[in-house]
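Student: Could you walk me through this one? I'm new to it.

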Amino acid sequence: QVQYFKEENLEFSIDCGIRIQGRNSVVLPKKSFRLFFDNDYGEKWLEYPMFEDTDVDRFRNLVLRGGYDDDVTQDEGTMLRDPFSNRHFQETGGLNSHGNWAILTINGDFWGIYEVRESINDHFVESHTGYDDFDLIRFKTSGPELKEGTMDDWEAMQTFL
């Protein structure tokens, strides 16, 4: 169960799934997490206006970013690079995920300052654009990874270029 407090007031309490987010997070002391809202865990959606700068108020997933890898040198996390670049991308009119700062406690134990952020996936794209037929490709150091749709248009663009 996840409970969200704002200025000491309980805003919501909801059953959900949770897992460690990210490959590096598994071995580091400060973990990032992904929350899943699904009928298997409780409610299918979290319905709450989590972020002030968007009208989207229904979420299937949220990410609790630990920021351990968010530094230019990647030796220590500053938690600022990703939110900074997201904010500037938003100011250009681009589609970006929104985030808020929060203090995370698990079973009453303090885990640190985290960024609660929208997860970029098919639910995110549909919620923000209304499109339900699209290609979603994630870029990793190993190259593009298909998350939704097909690689056809991506490969055609690569060939053209």
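Tutor: What follows is a short talk about the inside and the surface of this structure, and please keep in mind that the model is predicted.

Student: Okay, how many residues does the largest nonpolar core have?

Tutor: The largest nonpolar core has 19 residues, and those with the most contacts inside it are Phe12, Leu46, Met50 and Leu62.

Student: Which strands each supply at least two residues of this core?

Tutor: They are β1 (2-6), β2 (9-14), β4 (32-36), β7 (61-65) and β9 (109-118).

Student: And what does Met50 touch, not counting residues up to four places away in sequence?

Tutor: On that count, Met50 touches Tyr4, Phe12, Phe59, Leu62, Asn100 and Val116.

Student: Changing topic, which residues form a nonpolar patch on the surface?

Tutor: Such a patch is formed by Leu80, Trp101, Ile103, Phe110 and Ile113, which together have about 590 Å² of accessible area. Two or more of the patch residues come from β8 (99-106), and two or more come from β9 as well.

Student: Take Ile103 then, is it buried or exposed?

Tutor: Ile103, which is found in strand β8, counts as exposed because its relative accessibility is 62%, and the cut-off for exposed is over 50%.

Student: Last one: where is Ser119, and is Ser119 buried or exposed?

Tutor: Ser119 has its place in the loop between β9 and α2 (122-129), and Ser119 counts as buried because its relative accessibility is 4%, with the cut-off for buried being under 20%. Leaving aside neighbours within four places in sequence, Ser119 is in contact with Arg34, Asn61, Val63 and Phe124.

Methods
Residues are numbered from 1 along each chain as its sequence is written. This is a predicted model: local features need pLDDT of at least 70, side-chain atom pairs count only at pLDDT 80 or more; totals for chains, interfaces and linings use all residues. Side-chain values use heavy atoms; hydrogens and water are left out. A nonpolar core is a set of buried Ala, Val, Leu, Ile, Met, Phe, Trp, Tyr and Cys residues joined through side-chain atoms within 4.5 Å. Buried means under 20% relative accessible area, exposed over 50%, partly exposed in between (1.4 Å probe, protein chains only). Helices (H or I, at least four residues) and strands (E, at least two) are DSSP runs, numbered from the N terminus. Contact means heavy atoms within 4.5 Å. Patches are made of residues with over 30% relative accessible area and no salt bridge: like charges are joined within 9 Å, nonpolar side chains (Val, Leu, Ile, Met, Phe, Trp, Tyr) within 5 Å. Accessible areas come from the Shrake-Rupley method with a 1.4 Å probe; for residues, only the protein chains shown count as cover. A salt bridge is a side-chain nitrogen of Lys or Arg within 4 Å of a carboxyl oxygen of Asp or Glu.
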